Each structure stands twice: as C-alpha cells, then as structure tokens.
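Visitor: I have the model open and a few things to ask about. Can we go through them one at a time?

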Amino acid sequence: MNTTIRSRRHLLGCAVITMLLGSAGAAQAGDLEVLHWWTSGGEAKAISGLKDTLQAKGHRWKDFAVAGGAGDAAMTVLKTRAMSGNAPTAAQIKGPLLQDWAREGMLSNIDDVAKAERWDEQLQPVISNIVKYQGHYIAAPVNVHRVNWLWINPEVMRKAGVKTPTTWDEFFAAAETLKKAGVIPLAHGGQSWQDFTTFETVVLGTGGPDFYRKALVQLDPASLKSPTMEKSLQTFRRLKAYTDRNAGGRDWNLATAMVMKGEAAMQLMGDWAKGEFLNAGKVAGKDFLCVPAPGTSKGYTFNVDSFAMFKVKGEANQQAQRDLATAIMSPAVQESFNLEKGSIPVRKGVNLSRYDDCAKASATDFAEAGKSNTLLPSIAHGMAVSAAVEGAMKDVVSQYWNSDQITPAQAMDRLVAAAKAQ
C-alpha cells in the first residue's frame with residue numbers, strides 16, 4: 001500500500017515538474033517582430049543568421065523587411081506603426097534618429113544587458129554614445145560599415161591599362177581612358193541617397209577630415225560656402241560624365257553587379273557592396289579590389305547599423321528583446337553576421353581570421369582613425385545630423401547632380417539654408 005502511494009506520488013511529482021518546466025519554457029519564448037531594410041543577397045543572408053540564433057532560443061521571429069537601400073521607406077512605415085501604437089519589437093535605426101525616438105519615450109532601457117555584457121568596454125566611445133540616450137543604452141549596435149570605399153574590377157582596369165587611382169586627378173585620367181575603351185568608368189545608381197553618398201566621399205577626398213567635420217557634421221556656414229566646398233561640388237559634378245545614361249533610379253546592388261560583371265570598372269559605395277561580391281562567390285584581391293576613395297585614406301566615414309528596442313508588453317516578449325540585444329553583441333553573431341554583410345564587427349576583439357583583406361584593412365583603419373580622431377559619421381547614412389537637415393541637404397545635392405543649370409555658388413547657398421532645416 002505504502003509502496004503504491006509512494007509510486008503514485010512520484011509519478012504525480014514528475015508530472016508537475018514536467019508541467020512547470022514546460023510552462024517556464026513557454027514563458028521564455030517570446031515574439032520578435034524586427035523591422036529592417038536588408039533585402040539584397042548579402043544583407044538577407046546576414047539577417048537570416050541572426051534570425052536563426054533567436055529561433056534556436058525558442059523565440060518566434062517575424063521578419064518585417066521594407067526594401068530600400070537607405071531605409072527611408074522603412075522609417076516611413078515605422079512612423080505609421082508607432083503612431084498607431086503598434087511599434088515592432090525592434091527596428092533598424094541609426095544615428096541622431098535614435099535620440100529622436102528616445103525623446104518620445106518609446107524605446108526600452110537595455111542597460112541590464114549592456115552591463116552584464118560589458119558593452120562600455122567592448123565599444124569605442126564614439127559608437128557607444130550613438131546608441132545611448134541620456135547615458136542609457138537604447139539600442140544594440142551590430143556592425144561598422146566604412147562608406148568611403150572605391151570598388152574596382154581589376155581585370156577591366158588591367159585591360160584598359162589604367163592603375164588604381166589614389167587622387168581625384170588620377171581618377172579622372174583613368175576614367176577618361178576607360179571611357180575611350182568603351183567601358184563605363186563609374187557604376188552609379190541615380191537615387192538621392194546614392195548621390196549624397198558620392199558627394200560626402202568627394203568632400204572628404206577634397207577637403208580632408210577636418211573640413212568634412214566642419215562642413216557636414218558641425219554644419220559650419222563658412223565651410224559650406226567656401227572655396228573648398230566649391231571645388232568639392234565641381235569635382236562631384238565631373239563624375240556624372242563617367243556614369244551611364246541608365247543610372248537613374250538604379251538600385252545600388254545593381255550598380256555593384258555592373259562592376260562584378262565587368263560592365264563598369266569602379267563604384268563609390270560603402271562596404272555593404274562587398275557583401276554582394278562575396279554572395280556571388282567573388283574573392284577579394286582577385287575578383288575585386290577595395291581601396292579608400294581618392295584622397296580619403298586619412299579619414300574613415302562610418303555607418304553603424306543598430307537595432308533600437310521599442311517598449312513591449314509581456315515578460316516573454318521583453319525577455320526575447322533582451323536575448324536579441326545579447327545575441328547582436330555576442331562574439332559569435334558579430335563574427336558570422338558581418339562576414340555575410342560585408343561590414344566589420346563593432347565589438348572589440350572579435351576574431352577576424354575568417355575575414356578577407358578588405359575587412360582586415362577596414363578594421364585596422366577603423367582603430368587608427370579612432371586614435372587620430374578621424375572617425376567621421378556619414379551624413380548620407382543618418383549618422384551625422386538630424387533627419388530634417390540630412391533630407392534637406394540630400395535634396396540640394398541631388399538637384400545639383402541632375403541639373404547643370406545650378407551653379408556651385410547657388411548650390412552652396414542652398415546647402416547653407418538646408419543646414420538650418422528643423
């Protein structure tokens with residue numbers, strides 16, 4: 001009798017434990033709706049790896065991808081969702097825009113994760129300050145992109161008999177030779193953010209890091225209307241003659257494909273372009289070359305992608321959010337994600353042995369630029385100024401690119417006015 005009772009109690013106890021464990025597991029599994037704009041080949045593979053990591057923890061990942069290389073469309077959708085009280089769990093947001101969302105009281109404080117994972121020690125101050133609001137972490141940074149790259153098809157250059165340019169004069173000489181050889185010298189997509197990306201690179205290459213900071217970060221009126229800015233605008237306009245007539249509206253990755261296929265020789269673009277080369281099985285140093293854009297070797301314009309954590313209800317969803325932040329900054333995800341994305345880890349000390357020469361060069365230059373105070377936020381990619389100023393200046397640059405009737409002097413006046421946008 002006693003043995004029977006003990007057996008029944010034992011079975012009942014096991015059932016209760018199993019039920020409790022099952023409930024605990026269910027409570028830990030949360031919903032993760034993640035908004036981003038990574039839809040091209042290399043980008044999609046990178047975000048897919050992060051998704052797999054979170055699903056392995058039992059969380060339910062809902063991919064909320066909004067196509068558009070600069071994220072403008074994604075931000076429009078996010079505003080609509082947030083204003084209706086239906087914000088996603090996390091969203092890809094960058095630079096000063098993070099502070100705007102935090103001021104609205106919509107972002108979660110993730111200091112507990114940051115403290116446990118020692119983010120202050122793992123991040124350069126220039127990066128950690130971007131993902132904090134009033135001293136508190138509100139987003140998890142995932143990568144560092146260098147914007148001021150020149151991508152080259154070495155075989156096309158070799159056949160045309162031209163060398164890799166290090167100055168703008170060398171670039172235009174090479175471009176003229178390539179054009180006469182029947183090759184498109186510069187692959188470009190005529191979208192406003194691509195125009196702005198090219199413009200900021202020209203400004204850095206023409207004026208140097210200090211001028212870039214004064215003009216495009218501090219928005220100094222005297223710098224925006226100066227002989228150096230005039231020269232930058234003249235150089236920028238000269239580039240258009242070496243792009244093709246079908247550039248208007250072309251997506252950036254299609255421009256990268258032109259270089260890959262040998263239809264074009266070069267492209268000015270951030271190192272997300274490398275993700276496209278790698279996704280196509282191309283090898284750095286052999287099938288494509290990466291060098292700092294002409295005149296920019298002493299500066300490093302950066303674009304840091306991060307995921308802001310919106311306030312969510314329910315402990316399970318909040319735990320899923322914390323797990324997402326932890327995963328993003330983990331050495332394993334930092335390594336695997338950036339291998340696919342074409343960027344470099346934002347976290348210090350990640351093993352780069354599996355990375356190509358472009359990434360290793362980028363990591364070295366990033367560290368050196370941090371020491372020499374030449375790490376510069378990309379204005380074209382939401383890292384330097386408010387969204388209003390960025391948008392206004394971007395419009396000026398694209399209008400200038402698309403109309404020969406606008407003089408450099410008029411463009412400078414418009415840039416000064418745009419810098420005052422609210």
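Visitor: Let's take Arg118. Is it buried, exposed or partly exposed?
Guide: This is a predicted model. In it, Arg118 is partly exposed, at a relative accessible area of 41%. That value falls between the limits of 20% for buried and 50% for exposed.

Visitor: And where does Arg118 lie?
Guide: Arg118 sits in the loop between α5 (111–116) and α6 (119–122). Its phi is positive, near 55°, and the residue is not a glycine.

Visitor: What about Gln134, buried or exposed?
Guide: Gln134 is exposed, with a relative accessible area of 63%. Gln134 belongs to the loop between β4 (132–133) and β5 (136–137). Although Gln134 is not a glycine, it has a positive phi of about 50°.

Visitor: Which residues of α17 are buried?
Guide: Cys358, Ala359, Ser362, Ala363, Phe366 and Ala369. They lie on the same side of α17, because they cover an arc of only 135° around the axis.

Visitor: Why would residues spaced like that point the same way?
Guide: An α-helix has 3.6 residues a turn, so residues three or four places apart point the same way.

Visitor: Which exposed residues are on the face of α17 turned away from the buried side?
Guide: That face carries Asp357 and Lys371, both exposed.

Visitor: What caps the N-terminal end of α17?
Guide: Asp356 does, with a side-chain oxygen 2.9 Å from the backbone nitrogen of Cys358.

Visitor: And what comes just after α17?
Guide: Asn373, which takes a positive phi of about 60°.

Visitor: Now α12. How far apart are its end C-alpha atoms?
Guide: They are 21 Å apart. The helix has 14 residues, 227–240, which should span 20 Å at 1.5 Å a residue, so the distance agrees.

Visitor: Which residues of α12 are buried?
Guide: Met229, Ser232, Leu233, Thr235, Phe236 and Leu239 are buried. Viewed down the axis of α12, these fall within an arc of 165°, so they line one face of the helix.

Visitor: What exposed residues does the face turned away from that side carry?
Guide: In α12, the face turned away from the buried side carries Pro227 and Lys231, which are exposed.

Conventions
Residues numbered from 1 in each chain as written. Predicted model: local features only at pLDDT ≥ 70, side-chain atom pairs only at ≥ 80, totals over all residues. Heavy atoms only, no water. Buried < 20%, exposed > 50% of the residue type's maximum accessible area, 1.4 Å probe, protein only. Helix = DSSP H or I, 4+ residues; strand = E, 2+ residues; numbered from the N terminus. Arc of directions from axis to C-beta. Polar contact = N/O pair within 3.5 Å; in protein donor to acceptor, adjacent residues only side chain to side chain. Expected span 1.5 Å × (residues − 1).
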